[in-house]
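Hi,

Here's the structure I said I'd pass on.

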Amino acid sequence: MSLEARLQNKSAEYQKLQSDLAVLVDKRTRLDAQLSENEMVKKEFASLTPKNAVYKLVGPVLVPQDQSEAKSNVETRLEFICGEMKRVDAQIKETEENSEKNKLELVEIQTELQQARSGAPSN
C-alpha cells in the first residue's frame, strides 16, 4: 500500500475515533445530568415523612405511588446510572488511547511521506 493510501486510511480512522469520542463524551454528560437529578430526588425523599404523598407522572396524569416503591425505583436508577457511567468512562479511556496511538502513527506516516518526497528529486 502506498504511503498516500496509508495516510488517507489512518486519517479516516483517526477522524472516526474522534467522532466516536465526541459521542461518548456526550453520553457521559447526559448520564452525569441524570445522576444529579436522581440524587436530588433521593435527597428530597430523605426529608419525607410517612404521611407525605408521592406521585408519579404517567403521561399527563399524576398517579399516587407508594413511597417505599418510589424510593426503591430511585435507588435502582442510581445504581444503573453509576454502572453506565463506569462503562462509558472505560469506553472513553479506550477510545482516547486508540486515538492517541492512531495520531502517532499518522505523524510517522507523514514523516515517511515527507522524507520520500524530499528524497525523490535527488535521483
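Glu13 counts as partly exposed, at 39% relative accessibility (buried means under 20% relative accessible area, exposed over 50%, partly exposed in between, with a 1.4 Å probe and protein chains only). Before I go on: this is a predicted model, where local features need pLDDT of at least 70, side-chain atom pairs count only at pLDDT 80 or more, and totals for chains, interfaces and linings use all residues. Residues are numbered from 1 along each chain as its sequence is written, and side-chain values use heavy atoms, leaving out hydrogens and water.

Back to Glu13: Lys10 forms a salt bridge with it, the closest N and O atoms being 3.7 Å apart (a salt bridge is a side-chain nitrogen of Lys or Arg within 4 Å of a carboxyl oxygen of Asp or Glu). Lys10 and Glu13 are 3 residues apart in helix H1, so about one helical turn separates them. Helices (H or I, at least four residues) and strands (E, at least two) are DSSP runs, numbered from the N terminus.

The structure holds 10 salt bridges. One of them joins Arg6 and Glu112, with the closest N and O atoms 3.6 Å apart. That pair links distant parts of the chain, as Arg6 is in helix H1 and Glu112 in helix H2, 106 residues apart. Arg6 is partly exposed at 30% relative accessible area, and Glu112 is partly exposed at 33%. Arg87 and Glu84 also meet in a salt bridge (2.8 Å, N to O); both lie in helix H2, 3 residues apart. Shared partners join Lys10, Glu13 and Glu105 into one network of salt bridges.

Now for H1 itself. Its 44 residues (3-46) should span 64 Å, and the end C-alpha atoms are 63 Å apart, which agrees (the expected span is 1.5 Å times one less than the number of residues). Its buried residues, including Leu17, Leu31 and Phe45, pack against S1 and helix H2 (67-119), where contact means heavy atoms within 4.5 Å.

What about the strands? S1 (residues 54-58) and S2 (residues 61-65) pair in the antiparallel sense over 5 bridges; strands pair if DSSP finds at least two bridges between them. They form a hairpin with 2 residues between them, and Gly59 in the turn has a positive phi of about 65°. Leu57 has Leu62 as its bridge partner in S2, and Leu57 is exposed, at 57% relative accessible area.

Cheers
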